[in-house]
Amino acid sequence: MSKTVEVRIKRQDSPKAPAYWDEFSIPYEEGMNVISILQSIRRDPRNKQGKTVTPVNWESSCLEEVCGACTMVINGKVRQACTALVDQISQPISLEPMTKFPVERDLRVNRQRIFENLKKINGWVDVDGYHDLGPGPRQSPIDQELTYKFSECMSCGCCMEVCPQFTMDGNFIGAAVIGQTQLFNMHPSGAMHAQKRLDAVTSEGGIQDCGLAQQCVKACPKHIPLVEAIGQVQRSVTVSQVFGSFSKRK
Amino acid sequence: MSEKRVLIVGGGLAGLAAAMRACELGLEVDIFSMVHVKRSHSVCAQGGINGAVNTKGEGDSPKIHFIDTIKGGDFLADQPPVLSMCEAAPAVINMMDRLGVTFNRTPEGLLDFRRFGGTLHHRTAFAGASTGQQLLYGLDEQVRRWEAEGKVRKFENWEFTRLILDNDGKAVGLVAQDLNTMEFKSFPGLAVVLATGGPGLMFGKTTNSTINFGSATAAAYKQGVWYGNPEMVQIHPTGIPGSDKLRLISESARGEGGRVWVPRNPKDARPWNTIPAEDRFYFLEERYPLYGNLVPRDIATREIAQVCTKMGLGVGGRNAVYLDLTHRDEDYLTRKLGAILDIYEKFRGVDPKKVPMEIYPAYHYSMGGLYAGYEADGTGRLMKDSPLNQMTNIPNVYAVGEADHQYHGANRLGANSLMSCIFAGLVTGESVVALAKNSKTAPVASSVLESECKLETENYKKLVAQDGPENPFVIHRELGDAMSAFCLIERHNDELLQLRGMIEGYAERLKKASSLDKSGSGNMSAVFLRQLDGMICMSKAVVEGAILRDECRGAHYKPAFDNEAPSKETPIDDPAWTAYYEKFLTQSQEWLKTTIAKHDSSKSLPTIEYKPVDSRHLEPEPRDYTGVGKKAWAKFKASRTAQGQA
């Protein structure tokens, strides 16, 4: 008998419908990842019992782990489906949607909350305009390496999925957004408006809600030093609170 | 104020650049995207962005960038937009730097630049090896800023399906579908900007993202927007084979010293690291001493394919060659190329800092796209603030980014796409502002909005109801395999004609395909019927353009019509050079023109017409990357001038 891959998928037909599990047995191919399993199912959408089912819905885009779209819970661990290689994980492979965001359908969830929070913390550099104003501020290669690390954050939500403080109904902004606060506060001209971000990051659902469980940094697929960022933002907040308007606006 | 609202479809570099520029100049914008804009395909760009900032003391200039780009594209690009892009490029890079993009730095804190293909200069600014991601984030952040100010509304997880045209044939809005609730809605606006990327998925497994259906371009094409140079698609020389997609190893790997080779003896059983230099065939370096591993992509792709398929020298008998970085310092590689080396290791389980990568060409990019016009000023540059720049043949419909046909001619140089997307996006922002100033549009009648929305809703209902024996995802796989087999690296007319018949077959089967899903929430497979129909429609334009173009130009390679240059050892007074140049001039006379594909709903095949190329700045010449042909060409031209005078 030819080799197969055994998969269990937690499904949901619409945002309000109840969840259920479907099992699939799929022909194995060399180099398969979770994405190719899902692609294989839609070419022949029958479950293990031989019953025709609807193709599984999931979100994906780049398949190179730079867009963050295909994030889901695989064998109990939140990660991107594209880099989950069948040969490296145990079977039956279980696929579930993230649990901290509302399900739209099957493995697809609504992560709009992350983007709303990026808006809340002023996650951008306030430039004067898009016309030619010459080169940007100089930066040392060491600072660049540090900011690049934070800038690799793809808003996938892994750090939020594993955070005990981040809940479906709560309003904690989550580690990624605190990391982005730090990123813009490190930028030479971004730093000129650091206080605005610090105010936002200490408002309701802000950094004070972090319980320092430190799960975020372990779950981050890009190994972004999130705990360090939380510490640094916390320090800046303290400094600005102690010294108030006399503090250097950093 | 609906008439002052711009509708931008697509949230990659081009769409976001257009949005932020239009907002800055006072307009309001609606952005439609099939994914959260931060997950657009622009994130996949790795190596960098080109601009002749000239901080390396090499005497680089926008003019040389222009010449490299035109020559790289085998002279098929209209020159005024390219000249304007190359001149604006340093300022665009500076702007992105000011937006906070984490570009790599020199010890002095300036932007660092590396080398890329098709140039001899360090012209490529980069942020590690995920430059596209970093640039996209920079623009995404600015658009979020405008969103926070209430100037931008985002419709993410929405798909554009139809232009709304008024009685004069001018665009006054669009219809889009919410991919979660599956409901349609009409949106009025003063212009529709299509910044929807390339149509790569018609080639099946490619380096493209899973969202690159080209469905928006297909919808616009069916409503009358021309498709320019459809046959011009780029095959990237260094892809990594995979079961779900072909991943990319950036050209920057060669820019940072990567060498391409195979064992001279295909039966060589020694481990790669014990094969001495003399038994390694560094075929690009041997054949192109001047550019070496950094010849343009079309040339590198053909050489790799020929070494594997014609000479049988592929590594281990497979379709693969080595891309070797093992001679470089590991720390250096991590700093400059970390992101792509991680990807290779994650998917292949081998550390490319220690073992050469195995790569093979993969479909990558479409130079062709929706026809984007322009207005030139007296100096042959884009006319500032003309509403016509980037406008298609349908008034008030714009095409920009990979979705347009401009800037890259028959072959795109590496790291030019990020520049063309952002530059043209900014230009488009200015164009729609100029349009807004000059137009006196009356509000669109609500009855028109309603009827267009109803039409699309009815069309979609028919798709959901479709219940035949065929599976659309299976048909798509076959379409992709066929396009890749017969219309990619090498093209032959008999195979292309066969492919044309096969595509007719897929179109017939699509009519008998099932939607696989009758539900009303997040129904991706019913939507896929529409997307596949679009791919089939566009693939016909690609194949038809390829059948008719009987020559070799850039990425379009038809061996039967090749005009092969004499070997680089041929003395320059050898008559072989004259014969080569005579044939070049004859072929240029016939084929130096832009293909225009027009959809005709009454016929199965598109109508193909041609437009002359605007070559006002640089006279076309045969491309030469060996460093030898330059003298021979000069001699040939001198003798012709002498004949002309005699």
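Ring pairs join Trp577(B), Tyr580(B), Tyr581(B), Phe584(B), Trp633(B) and Phe636(B) into a cluster; rings of Phe, Tyr and Trp (its six-membered ring) are paired if their centres lie within 6.5 Å, with planes under 30 degrees apart counted as stacked, over 60 as edge-to-face and the rest as tilted. The model is predicted, and local features need pLDDT of at least 70, side-chain atom pairs count only at pLDDT 80 or more, and totals for chains, interfaces and linings use all residues. Residues are numbered from 1 along each chain as its sequence is written, chains are lettered from A and ligands numbered from 1 in the order in which they are written, and side-chain values use heavy atoms, with hydrogens and water left out.

Phe473(B) and Phe528(B) form a stacked pair, with 4.4 Å from centre to centre and 15 degrees between the planes. This pair links distant parts of the chain, 55 residues apart: Phe473(B) belongs to helix α12 (residues 472-486) of chain B and Phe528(B) to helix α14 (residues 524-548) of chain B. Helices (H or I, at least four residues) and strands (E, at least two) are DSSP runs numbered from the N terminus. Phe473(B) is buried at a relative accessible area of 7%, and Phe528(B) is buried at 4% (buried means under 20% relative accessible area, exposed over 50%, partly exposed in between, with a 1.4 Å probe and protein chains only).

Charged side chains also sit over rings, a term that requires NZ of Lys or CZ of Arg within 6 Å of the ring centre and within 35 degrees of the ring normal. Arg114(B) lies over the face of Phe126(B) at 3.8 Å from the ring centre, and Lys593(B) over that of Tyr610(B) at 5.0 Å.

Arg105(A), in strand β6 (residues 103-105) of chain A, counts as buried because its relative accessibility is 2%. Its side chain makes a polar contact of 2.9 Å with the side chain of Ser519(B); such a contact is a pair of N or O atoms within 3.5 Å, where within protein one must be able to donate a hydrogen and the other to accept it, and residues adjacent in sequence count only if both atoms are side-chain atoms. A polar atom of the Arg105(A) side chain lies 3.4 Å from the backbone oxygen of Gly522(B). Residues up to four places away in sequence aside, the contacts of Arg105(A) include Gln12(A), Asp13(A), Asp517(B) and Asn523(B) (contact means heavy atoms within 4.5 Å).

Gln234(B) lies in strand β12 (residues 233-240) of chain B and is buried, at a relative accessible area of 0%. The Gln234(B) side chain reaches the backbone oxygen of Arg412(B) at 2.8 Å.

The largest pocket has a volume of about 1500 Å³. Its lining comprises 50 residues, with Ile299(B), Tyr580(B), Arg623(B), Asp624(B) and Tyr625(B) nearest its centre. α15(B) gives the most to this lining, with 6 residues. On a 1 Å grid over the protein atoms alone, a pocket is an open set with protein on both sides within 12 Å along at least five of seven lines, a cavity is a set of points where a 1.4 Å probe fits but cannot get out, and lining residues have an atom within 4 Å of a point. Grid points are joined across faces, edges and corners, and a volume is the space filled by probe spheres set on the points. The count comes to 10 cavities of 30 Å³ or more, and the largest cavity holds about 740 Å³.
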